[in-house]
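These notebook entries record what I looked up in one structure. I begin with a single residue and then turn to the fold.

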Amino acid sequence: MDQPAILVEKEIPEYFLLRPEVEKAYGYSHAVKIGNEIKVSGAVSMDDEGNPTGIGDMDQQMKNCYSDLEKVLSHYGCTFDDVVVENVFTTDMPKFLEVAAYRNEIYKKQFPTGSWLGVKELALPEFLIEIELEVHK
């Protein structure tokens, strides 16, 4: 007896550029969706030309990161409720710990898994924090 043919749909990556000129200049895509999974590159506090914003202000830089991440998530029809991994990289862990409670405003249902990592430096010296996500929709 012949087996029925099973059609396997090839999952095509869907790339998203939040700031196309900046991302092309630095050589990355802000996010890529494959199937139900979305990988989001680290967000930093920058304007649309790639200039650092919130210089010296950890709280403002963190809020700017989450604002950009929200734009990426909404492009894919997602919210922070869909985030399953969040990794935070910071050049000043004590300052980050002072403002980390802001995350309670971001993650209202549950917190994702992830890591908080103190690093020597980020892409530009003015960046104090970078936040990357993995999403399951």
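Is Cys78 buried or exposed? I find that Cys78 counts as buried, at 6% relative accessibility; buried means under 20% relative accessible area, exposed over 50%, and partly exposed in between, with a 1.4 Å probe and protein chains only.

**Entry 1. Source and conventions.** I note that this is a predicted model, in which local features need pLDDT of at least 70 and side-chain atom pairs count only at pLDDT 80 or more, while totals for chains, interfaces and linings use all residues. Residues are numbered from 1 along each chain as its sequence is written, and side-chain values use heavy atoms, with hydrogens and water left out.

**Entry 2. Chain overview.** I looked up the secondary structure and found four helices and six strands; helices (H or I, at least four residues) and strands (E, at least two) are DSSP runs, numbered from the N terminus. Their order along the sequence is β-α-β-β-α-β-α-α-β-β. The C-alpha trace spans about 70 × 35 × 25 Å along its principal axes. Of the 137 residues, 37% count as buried. Among contacts (heavy atoms within 4.5 Å) between residues at least 6 apart in sequence, 68% join residues at least 24 apart.

**Entry 3. Cysteines.** I searched the whole structure for disulfides, that is, pairs of cysteine sulfur atoms within 2.5 Å, and the search returned zero. The sulfur of Cys65 has its closest cysteine sulfur in Cys78, 19 Å away, which is too far for a bond. Cys65 is buried, with a relative accessible area of 0%.

**Entry 4. Helix α2.** I checked the length of α2 (residues 58–75): its 18 residues should span 26 Å at 1.5 Å a residue, and the end C-alpha atoms are 26 Å apart, which agrees. The expected span is 1.5 Å times one less than the number of residues. I then listed the buried residues of α2: Met58, Gln61, Met62, Cys65, Tyr66, Asp68, Leu69, Val72 and Leu73. They cover an arc of only 165 degrees around the axis, so they lie on the same side of α2; the arc is taken from the directions from the helix axis to the C-beta atoms. At the N-terminal end, Asp57 caps α2, with a side-chain oxygen 3.2 Å from the backbone nitrogen of Asp59. Just after α2, Gly77 has a positive phi of about 75 degrees.

**Entry 5. Nonpolar cores.** I looked up the largest nonpolar core, which has 29 residues; Tyr66, Phe80, Ile131 and Leu133 have the most contacts inside it. Such a core is a set of buried Ala, Val, Leu, Ile, Met, Phe, Trp, Tyr and Cys residues joined through side-chain atoms within 4.5 Å. At least two residues of this core come from each of β3 (37–43), α2, β4 (83–90), α3 (93–99) and β6 (129–136). Helix α2 supplies the largest share, seven residues. Apart from this core lies another, of five residues, among them Val22, Val44, Leu122 and Phe127. Beyond four places in sequence, the contacts of Tyr66 include Phe80, Tyr102, Ile106 and Ile131.

**Entry 6. Thr90.** I located Thr90 in strand β4, where Thr90 counts as buried at 0% relative accessibility. A polar atom of its side chain lies 3.0 Å from the backbone nitrogen of Asp92. Beyond four places in sequence, the contacts of Thr90 include Met58, Phe96, Leu117 and Ile129.

Technical notes: Polar contact = N/O pair within 3.5 Å; in protein donor to acceptor, adjacent residues only side chain to side chain.
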